[in-house]
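Here are my notes after going through the structure.

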Amino acid sequence: MSKSTETMEKIVALCRRRGFIFGSSEIYGGIGGFWDYGPLGVELKRNIKDCWWNDMIHNPPPGPNGRTFQMVGVDCSIIMNPKVWEASGHVGGFADPMRKCDGCGHFVREDQLWEILASDSKWLDSLLQVFTPVTGSIDSPRLLNWAKSKGRKLAPNLALVRNPEVTLSWLASRVNGQPDAPPTVQEICQYVATEQLHQTGLQDPCPRCGNPLGPAAPFKLMFESHTGIEQNEGSKVYLRPETAQGIFVNFKNVMDSTRVKIPFGIGQIGKAFRNEITPRNYTFRSREFEHMEIEFFCNPKESMVWYEFWRDVRIKWYESLGIKSDKLRPREQGEDELAHYSDACTDIEYMFPFADEPQELEGVAHRGNFDLSAHGKASKGKENAFAVMDDSEQNRDRKGAGSSPARFVPHVIEPSAGVDRFTLAAITEAYSFDENRASPEFMKFHPRLAPIKAAVFPLVAKDGMPEIAEPIYQEIRKQFTCRYDAKQSIGKRYARMDEAGTPFCFTIDSQTKEDGTVTVRNRDDASQDRIDKSRCLQYLRDKLGL
Ligand code: GAP
């Protein structure tokens with residue numbers, strides 16, 4: 001087992017054991033792609049959402065020109081008029097290309113096939129132990145032996161297993177024909193899956209059983225439901241796959257009901273649903289998750305400046321919450337990846353322990369005026385139905401010169417983050433292991449994210465210690481999440497708080513009665529301090545900086 005897989009397994013075990021994350025409906029065997037957050041997980045997730053709301057909506061940093069700008073929030077319904085999803089392009093286009101295996105019935109996402117084969121295929125793992133691509137030579141007896149033993153069990157539908165002699169002859173002619181260019185892993189996969197090379201060309205194998213996969217066909221990602229009693233096409237509705245569209249369709253409502261002016265942003269946090277074909281990597285790709293999305297509306301002339309502003313703000317935000325910069329990678333999408341309406345998009349990626357490459361945490365996209373124009377056209381018959389007056393300084397000058405005031409459909413910059421992905425990143429970032437500590441596993445959460453900020457322990461549940469501990473606990477819990485625990489040895493209690501990621505524990509002991517001081521234990525280095533018992537709350541405030 002690789003070190004990163006081992007780390008991930010330890011993290012998953014800790015999350016379950018300590019109540020961060022459980023599989024949904026576990027007592028019935030669970031359900032793929034759905035997760036429940038336990039008592040610690042829910043606090044962590046709430047802290048993440050509160051930080052985002054506070055730092056982006058209530059108190060965003062000053063804009064590129066140093067001036068403040070307006071941000072407001074909305075909370076829209078999950079089910080909307082299905083016309084929203086027609087106009088947005090989701091009904092027609094929100095689909096993944098899927099390939100079906102006729103051998104075992106498994107579906108694979110076309111764009112993830114090689115990644116899945118490399119990381120998640122038992123038969124390929126086993127085959128590569130007897131076939132080394134870099135040597136450029138082929139050990140037929142060994143491969144034949146594999147096909148007749150392990151291959152039969154692991155990949156019964158692989159051509160190499162069903163018809164080893166023919167398949168091996170194709171592979172041998174490829175290897176011998178190009179001795180200076182050993183086949184890549186992808187080529188090996190294709191050769192061992194191919195029986196009739198001339199008729200079919202090279203085939204792509206199923207990661208599970210080795211059977212050649214069928215052609216790619218679109219698979220719709222939106223969950224469907226119905227409103228009302230009759231369940232037919234006319235009553236069909238969708239569970240939203242993103243929160244963004246609720247913001248776009250309320251653009252005018254927000255402008256009319258508040259005093260916001262371009263440039264301004266609308267934020268929303270809420271559930272989103274996608275019928276992902278291969279939910280995997282723990283909560284990373286789930287079927288139900290939460291979005292934290294901003295749609296920032298600005299003058300087209302300034303949109304690139306705002307795009308760069310938001311990209312940088314969002315990267316700094318993750319760093320401010322304890323994500324190390326060397327694990328974050330902003331990846332600017334290439335021309336070929338960009339949506340047709342988009343001028344730029346940066347994926348903010350994070351190096352999760354389960355992957356070799358950084359994976360998307362958030363997308364910051366320049367969406368042009370695509371969404372407002374599409375909804376304008378579909379709902380009011382005019383692409384410029386949501387146009388606003390150009391109030392920019394240049395235009396005011398133009399108006400002064402006598403020309404008519406210009407209008408524009410605002411451009412949109414969209415920083416779109418996943419709450420669950422950041423929760424997972426925060427957990428993996430916090431996970432620490434030090435075998436020299438009495439409690440080797442501990443969670444080094446940033447103080448703002450820590451689910452529990454402090455714990456109060458009487459060393460023993462007698463000798464007047466609980467009587468001193470209780471009021472300290474009552475005082476702290478009014479401001480910070482705090483736990484009181486009087487059971488088990490003090491070492492075990494510290495270990496439990498370390499696993500929860502609690503930054504400070506206050507212990508009342510026999511000395512407290514003599515001189516009024518308590519022990520403060522610091523989670524990160526297990527160091528201990530003594531402070532006056534009256535200073536516990538202030539100490540926390542100072543240390544946490546909250
Ligand atoms: N409105 C734009 C939009 O939805 P996206 O890249 O599809 O863009 C934005 O999603 C973010 O939502 C991603 O960067 C990721 O953090 C999160 N996300 C998307 N699909 C997810 C899934 N299946 N499970 C968990 N999080 C997901």
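1. First, a reminder that we're looking at a predicted model. Start at the ligand: an oxygen atom of it is 2.8 Å from a polar backbone atom of Leu-361. With the protein in place, 88% of the 550 Å² that the ligand exposes when taken alone gets buried.

2. The side chain of Glu-242 puts an N or O atom 2.7 Å from a nitrogen atom of the ligand. For Glu-276, a polar side-chain atom lies 2.8 Å from a nitrogen atom of the ligand.

3. Who else is around? The ligand is surrounded by 18 residues, and the closest ones are Glu-242, Arg-274, Glu-293, Glu-360 and Leu-361. Sorted by class, that shell holds nine charged, five polar and four nonpolar residues.

4. Which strand gives the largest share of the shell around the ligand? That's β13, with four residues. Strands β10 (288-298), β13 (359-368) and β16 (411-418) each put at least two residues into the shell.

5. Now the sheet. It is open and has three strands, ordered β5-β4-β6, with antiparallel pairing. β5 (107-109) and β6 (213-220) sit at the edges, each pairing on one side only. On average, neighbouring strands here are turned by 35° against each other, ignoring direction.

6. Lys-100 is a handy place to look, with Phe-107 in β5 as its bridge partner.

Conventions:
Residues numbered from 1 in each chain as written. Predicted model: local features only at pLDDT ≥ 70, side-chain atom pairs only at ≥ 80, totals over all residues. Heavy atoms only, no water. Near = heavy atom within 4 Å. Polar contact = N/O pair within 3.5 Å; in protein donor to acceptor, adjacent residues only side chain to side chain. Areas by Shrake-Rupley, 256 points an atom, 1.4 Å probe, with all protein chains shown as cover. Nonpolar A, V, L, I, M, F, W, Y, C, P; charged D, E, K, R; others polar. Pairing = 2+ DSSP bridges. Axes fitted to C-alpha atoms, helices over the stretch in contact; angles between N-to-C directions.
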